[in-house]
Amino acid sequence: MRLPGFGRKHGVSPTTARTVEPSVVADDDLIVRFVVITADEDFYLRLQQIAVTYDWRIGRALSTDEAKKLISAKPTPIVIYDSDSNGGNWRGALRSMNDLPAQPCVLLASRVADDYLLQEVVRNHGYDLLPKSAPSEKLIHRLKFAWFWARERVNREDASRSE
């Protein structure tokens, strides 16, 4: 079974990466979109290569305020927050992103990945932990899982409104 938004695109160069924009595509709701809040160029480029490979949409912000503007322009179900951003105040950033009307799944990207940190992420309304040094396959898996979870939550909310 082929899932929308997860087909591998061969022969696409990383320089043609799409960013989160207000443009509308017929099946736009089926395309994985995420915003990355990071100043780490290498980490962003890894995520950008993944996005290009799978024809996903990626946006970049250097702050939570900038990310909020992107999400307001085009609701985005996934936010990746680099723990090294904002002087290390990731707890406040996760709570702040969770307060958005779109309620995106917020993943904390970190050089450290252990159970203690994952518990802290969840306590601060984050969705998951994304190890920055993880192989691309693990990053892809975590992003796909977050996207499915976010889509399911939207579908449940739509169903409850129509009842």
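I began with the neighbours of L94: leaving aside residues within four places in sequence, I found L94 in contact (heavy atoms within 4.5 Å) with Y81, V106, L108, V121, N124 and G126. Before going on, I noted that this is a predicted model, in which local features need pLDDT of at least 70 and side-chain atom pairs count only at pLDDT 80 or more, while totals for chains, interfaces and linings use all residues. I also noted that residues are numbered from 1 along each chain as its sequence is written, and that side-chain values use heavy atoms, with hydrogens and water left out.

I then placed L94 in helix 3, residues 90-98; helices (H or I, at least four residues) and strands (E, at least two) are DSSP runs, numbered from the N terminus. Is L94 buried or exposed? L94 counts as buried because its relative accessibility is 0%, where buried means under 20% relative accessible area, exposed over 50%, and partly exposed in between, with a 1.4 Å probe and protein chains only. I also looked up Y127, which is 33 residues from L94 along the chain, and the C-alpha atoms of the two are separated by 9.2 Å.

Next I turned to the nonpolar cores, each a set of buried Ala, Val, Leu, Ile, Met, Phe, Trp, Tyr and Cys residues joined through side-chain atoms within 4.5 Å. The largest has 25 residues, and those with the most contacts inside it are F34, V36, L47, W56, I78 and I80. Two or more residues of this core come from each of strand 1 (33-37), helix 1 (41-54), strand 3 (78-82), strand 4 (105-110) and helix 5 (136-162). Apart from this core lies another, of 17 residues, and I listed Y81, W90, A93 and V106 among them. For I78, not counting residues up to four places away in sequence, I found that it touches several residues, including F34, L107, L143 and W147.

A polar atom of the R57 side chain lies 2.9 Å from the backbone oxygen of D55.

Last, I looked at the whole chain. How many helices and strands are there in the chain? I counted 5 helices and 5 strands, and from the N terminus on they run β-α-β-α-β-α-β-α-β-α. Of the 163 residues, 44% count as buried.

Technical notes:
Polar contact = N/O pair within 3.5 Å; in protein donor to acceptor, adjacent residues only side chain to side chain.
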